[in-house]
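Here's a quick tour of a protein chain for anyone meeting it now. Take a look, then read on.

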Amino acid sequence: MLQNPGETRLLAISPHLDDAVLSLGAGLAQAARDGAKVLVHTVFAGTAPPPYSAAAERMHAVWGLSPEDDAPLHRRNEDIAALDGLGVAHRHGRFLDSIYRRLPDGRWLTDHVAGGQKLAMNQDSADGDDGLVAEIKADLETVIAEFAPTVIVTCAAIVDHPDNEAARDAALSAAREKNIPIRLWEDLPYSMFKPGKIELPPGFRLGSSEFHSATAEIWKRKVEAAECYSSQLAMLNGRNKNLFARLDEHARKNSPHGGYGETTWPVLLDEDPR
C-alpha cells in the first residue's frame, strides 16, 4: 500500500473503535513493520453521560456490560490493546457514537428494534450532518497539524451509517485542503453482510480498487488484534457466526492469488484525469 514506508506518516481515521483494525488491520501492521509512522484516530470515541437510549442500553447488554459500566471507556481500552498489538499509535476523538446522540427535536438518533440486535436510524429528522462534519473536520485539522501525515486512510462508508459517512466526508475535506493523498478502506465485516455502493460527496471520485496482499503472519496479527474487541465479538462472532472464517473467505475471494489481504481505493478529485 505504501511506496516508501520509511518516509511515510500514515493517519488512519476510524469512525468507531474497531473499524480500522477489522477493515485494514493487516495493512496497518505491515506499514508499521516496514518503518512507517502510523496513527489511528477514532472519531466517535467520546463518553456520553446517562440517561441512555434504549438502543444504547441494549447494545451495552449485548456487549456484556452492566448499566454501571462506562461502555466507551471499556471500548477505548480494547482499542488501545488492539492497536498496541499492531505496533501503531492511537488517539481517541470526542464525538459520541450514534447510539448516544439525540436529534434536534430531542428524540434519539438511534432506536432499538425489538427482538434482536438490530438498530434503526430515525431518518425523518436531520441530525445536523453538515454541522457535525464541520466539527469533525476541525478536530481532524488539529490532528493533521500535529501528526503531519503523508497519506490518510479512512472508511469508504459502504454501509449506510451516519457516523461512517460523517467521518469519511470530514476526512476527505481535510485531506483535500492540505493536498494529502487519501485512500478508502472496505468497511469490514459489514460490507460482507450488506454490500453497497460507495457514493462520495461532490468533487471526489473513486480510483480503481487495489488488493493489498498480507502474509499469514501479518494476517494472524490482525486477527489477534481484532480479538481484543471482546465487546464487539459478542455481536460479530459466536454461534452460527464465525467472523474470522468469513474474513478469510472474503480475502481469498478478492485476492488474485487466493491469499490474505485487504482492499482500498484511492480518492481522486474530479479534475484529476486519471
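Is aspartate 18 buried or exposed? With 3% relative accessibility, aspartate 18 counts as buried (buried means under 20% relative accessible area, exposed over 50%, partly exposed in between, with a 1.4 Å probe and protein chains only). Bear in mind that this is a predicted model, where local features need pLDDT of at least 70, side-chain atom pairs count only at pLDDT 80 or more, and totals for chains, interfaces and linings use all residues. Residues are numbered from 1 along each chain as its sequence is written, and side-chain values use heavy atoms, leaving out hydrogens and water.

Aspartate 18 sits in the loop between β1 (9-14) and α1. Helices here are DSSP runs of H or I with at least four residues, strands are E runs of at least two, and both are numbered from the N terminus. Although aspartate 18 isn't a glycine, its phi is positive, about 130°. Alanine 148, also not a glycine, has a positive phi near 55°. You'll find alanine 148 in the loop between α4 and β6 (151-155), and at 43% relative accessibility it counts as partly exposed.

| Cis bond | Omega |
|---|---|
| proline 50 and proline 51 | about 10° |
| leucine 188 and proline 189 | about 0° |

Proline 51 belongs to the loop between β2 (37-42) and α2 (54-62), and proline 189 to the loop between β7 (182-185) and α6 (190-193).

Now for the inside. The largest nonpolar core has 48 residues, and Leu10, Val21, Leu28, Trp63 and Tyr100 touch the most other members. Such a core is a set of buried Ala, Val, Leu, Ile, Met, Phe, Trp, Tyr and Cys residues joined through side-chain atoms within 4.5 Å. Helix α1 (residues 19-33) gives the most to this core, eight residues. Apart from this core lies another one of 31 residues, including Leu132 and Val267.

Finally, the helix packing. The axes of helix α4 (residues 129-147) and helix α5 (residues 162-178) come within 8 Å and cross at roughly 50°. These axes are lines fitted to C-alpha atoms over the stretch in contact (heavy atoms within 4.5 Å), with angles from 0 to 180 degrees between N-to-C directions. For α1 and helix α7 (residues 216-226), the angle is about 130° and the axes are 9 Å apart.
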